[in-house]
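Visitor: I'd like to learn how to read a model like this one. Could you walk me through it?

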Amino acid sequence: MTRNDALRTRACIVVMISGALAGAQAAHAQPQQAVPPPADPAGQAPAQADEAEKRERDRQEAQAHFQKGNELMDQQAWAAALAEFSVSRRLYPTQNATYNAALCLRHLQRFDEALETYEALVREFPQLSPGDKAEVLRAIDDLRGLVGTLEITAAQPGASIVVDGRERGDYPPVNPIRVSAGTHTVRVYKEGYVPFETRVEVAGGQTASVPAKLLVLTDSGRLRVTEQTGKSVNVVIDGVVVGMTPWEGDLAVGDRTVVLRGEGNLGTAPVGARIQARQRTTLSLRAEELDTLLHVDPTPAGATVFIDAVPVGSGTWEGALRTGAHRIEVRYAGYVPAKRQVNLARGQQERIAISLERDPEAEVWRKPSKITFDANAGFAVVPWLGGDVAGDCTGGCDGTVGLGGLGLFNAGYEFGSGFSLGGTLGYLTVFQWSEGRTSTIEPVGLAARPITVDDALRMSTFVVAATAGQRFFESVPLSLRFGTGVALGSVRDARSETTRAPQEGAVQAYPTAEAPSATYLYLSLEARLSKRFGDRFELGAGVQGLMLVALTQPKLDDRRELWTKQPDAGFFTYPDDALTGSTIAAIVPGVNARYAF
């Protein structure tokens with residue numbers, strides 16, 4: 001059996017006056033009295049007799065609420081059971097009701113309140129048995145790991161502190177402000193100052209500091225609140241008690257939420273008030289018995305809660321309402337608003353959790369557009385340049401794979417969706433060699449003769465292109481980019497007679513070099529993964545595929561006359577060999593650096 005199971009089992013067993021657990025029947029027995037029962041009122045003065053009679057009525061009512069709470073705990077209706085135990089404690093505090101209230105709070109994950117209730121159990125009932133006390137102390141130790149502390153600083157003395165709609169005293173607080181681990185809305189208010197509000201993450205066992213500096217109110221309006229029947233009740237504005245009716249004071253310009261709160265269940269439902277600069281707004285409200293309680297837990301934690309179209313604050317809200325139907329709405333920027341309809345019966349205490357769904361089309365999720373610059377450097381691998389040189393290296397010819405480098409500088413405009421348009425400037429160079437290739441020369445006035453040559457090809461081009469890309473993810477960005485443009489340059493062929501034994505009848509020639517111009521259609525597709533360094537700078541690595549389509553194919557000039565080494569041959573010309581093919585493919589792995597404005 002787990003500890004939680006043990007706690008739930010014990011919650012249904014009434015502790016006897018000695019503090020020991022009773023049998024199964026004691027689970028619904030009369031709650032233990034915190035003080036000895038009053039003496040027989042017959043011999044007491046009338047005032048004492050009346051007090052004793054009231055105390056007995058409270059005890060019996062407390063017992064009824066306690067028994068109902070036990071029944072609700074059996075059904076795991078923790079919120080409803082907590083309400084019964086809380087009423088029982090208020091009427092006639094007992095060890096059992098306090099213990100069960102703490103257990104319900106723990107199940108509801110209201111860990112800070114559970115911790116306070118367990119501590120009250122030890123403090124108010126010192127007669128706990130050693131075993132029971134040890135178990136409660138273990139629960140306290142566990143809960144302290146789930147509860148953090150808020151440290152409010154820099155506020156004005158006397159300012160009211162409200163956390164998640166719950167008043168937590170004035171600044172500076174006398175006791176530590178403990179809250180369950182998680183996100184909380186903190187509001188600090190003092191008349192004559194602009195209210196301070198923020199959301200803060202609090203870790204279990206840790207202290208979160210909240211500097212709540214209040215600014216003097218300069219642009220304000222006045223609000224006057226009265227109770228129609230003349231009752232003197234608390235005026236609560238945005239969760240803070242500001243005074244008693246009739247009340248009038250200066251408030252910051254904007255929408256405010258006002259409720260009246262009196263003794264017991266006396267009060268009003270939330271009412272909206274719009275405060276305008278240098279104007280006076282008057283509210284006349286009627287306090288009535290509000291016999292239902294509603295607790296709303298929104299997700300995200302900072303979502304705004306509306307009750308019957310009146311905004312009642314950000315984050316968790318709890319308040320008394322009239323019996324009947326009420327409309328609840330929760331809104332938060334970037335999420336789809338959610339609405340609930342609830343019918344509250346007399347005496348009902350309802351807890352509602354509302355989780356909002358993210359709206360992918362919302363403006364808040366759209367990343368801002370930006371200007372980007374990035375530079376690529378890569379190692380180009382070209383299987384073959386093709387044409388009549390590399391493409392004709394067969395038989396005894398030895399050829400190499402084309403190798404080179406590519407450097408690109410890119411500038412672009414990236415939209416919030418990650419789609420980008422831009423331009424590229426760069427330089428591409430590729431080298432490829434062949435040895436022992438059989439070719440021909442044509443001596444002037446004579447028939448063509450064979451020759452064995454070595455070719456050293458070097459393609460050098462400048463790249464100008466337009467690009468379009470798409471970027472995915474933010475933690476490890478993945479970028480895809482397509483480019484199209486032109487590559488302008490030349491292909492140089494340094495040709496010499498081979499050092500191998502020439503073929504029979506071959507003519508020997510002096511080395512020569514020629515670099516005809518070349519123009520290609522440039523096509524590229526790039527994929528890259530990057531790592532972010534801050535908000536603007538990235539380093540990445542990727543691979544780029546290139547395709548060059550010859551618009552003007554570079555060829556040797558077959559009219560260029562060259563000298564042979566043989567006097568009888570005289571001048572000669574090489575044929576108009578195509579130095580590259582009509583298409584050239586390349587793979588370029590490389591690195592990238594990017595900066596965004």
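**A guided reading**

Guide: Let's start with surface: the chain's accessible surface comes to about 29,400 Å², and 54% of it belongs to carbon and sulfur atoms. Accessible areas here come from the Shrake-Rupley method with a 1.4 Å probe, and for residues only the protein chains shown count as cover. Keep in mind that this is a predicted model: local features need pLDDT of at least 70, side-chain atom pairs count only at pLDDT 80 or more, and totals for chains, interfaces and linings use all residues. Residues are numbered from 1 along each chain as its sequence is written, and side-chain values use heavy atoms, with hydrogens and water left out.

Visitor: How many helices and strands does the chain have?

Guide: Helices (H or I, at least four residues) and strands (E, at least two) are DSSP runs, numbered from the N terminus. Here the chain has 6 helices and 37 strands.

Visitor: What share of the residues in the chain is buried?

Guide: Buried means under 20% relative accessible area, exposed over 50%, and partly exposed in between (1.4 Å probe, protein chains only). In this chain of 597 residues, 44% are buried.

Visitor: And how do I check a helix, say H4?

Guide: Compare its length with its expected span, which is 1.5 Å times one less than its number of residues. H4 (residues 95-107) has 13 residues and should span 18 Å; its end C-alpha atoms are 19 Å apart, which agrees. Of those 13 residues, 12 are buried, so H4 is largely enclosed by the rest of the structure. Among the buried ones are Tyr-99, Leu-103 and Arg-106. After H4 comes Gln-109, with a positive phi near 60°.

Visitor: Which residues make the nonpolar surface patch?

Guide: Patches are made of residues with over 30% relative accessible area and no salt bridge; like charges are joined within 9 Å, nonpolar side chains (Val, Leu, Ile, Met, Phe, Trp, Tyr) within 5 Å. This one covers about 1,100 Å², and its members include Ile-371, Phe-373, Phe-409, Phe-419, Tyr-595 and Phe-597. Strands E26 (370-382), E28 (402-414), E29 (419-443) and E34 (537-552) each give two or more residues to it. Phe-419, in strand E29, is partly exposed at 34% relative accessibility.

Visitor: Which aromatic residues form a cluster?

Guide: Rings of Phe, Tyr and Trp (its six-membered ring) pair if their centres lie within 6.5 Å; planes under 30 degrees apart count as stacked, over 60 as edge-to-face and the rest as tilted. Phe-373, Phe-409, Tyr-595 and Phe-597 form one cluster. The whole structure has 12 aromatic pairs. One of them, Tyr-332 with Tyr-335, is tilted, at 5.7 Å centre to centre and 55° between the planes.

Visitor: What does Gly-412 touch?

Guide: Contact means heavy atoms within 4.5 Å. Leaving out residues up to four places away in sequence, Gly-412 touches Lys-370, Ile-371, Thr-372, Leu-421 and Gly-422. Gly-412 sits in strand E28 and is buried at 15% relative accessibility.

Visitor: How many salt bridges does the structure hold?

Guide: Side chains of opposite charge can pair when their charged atoms come close. The cut-off is a side-chain nitrogen of Lys or Arg within 4 Å of a carboxyl oxygen of Asp or Glu. The structure holds 41. In one of these, Arg-280 meets Glu-248, with the closest N and O atoms 2.9 Å apart. That pair links strand E15 to strand E11 (residues 247-252), 32 residues apart. Salt bridges with shared partners join Arg-222, Arg-224, Glu-248, Asp-250 and Arg-280 into one network.
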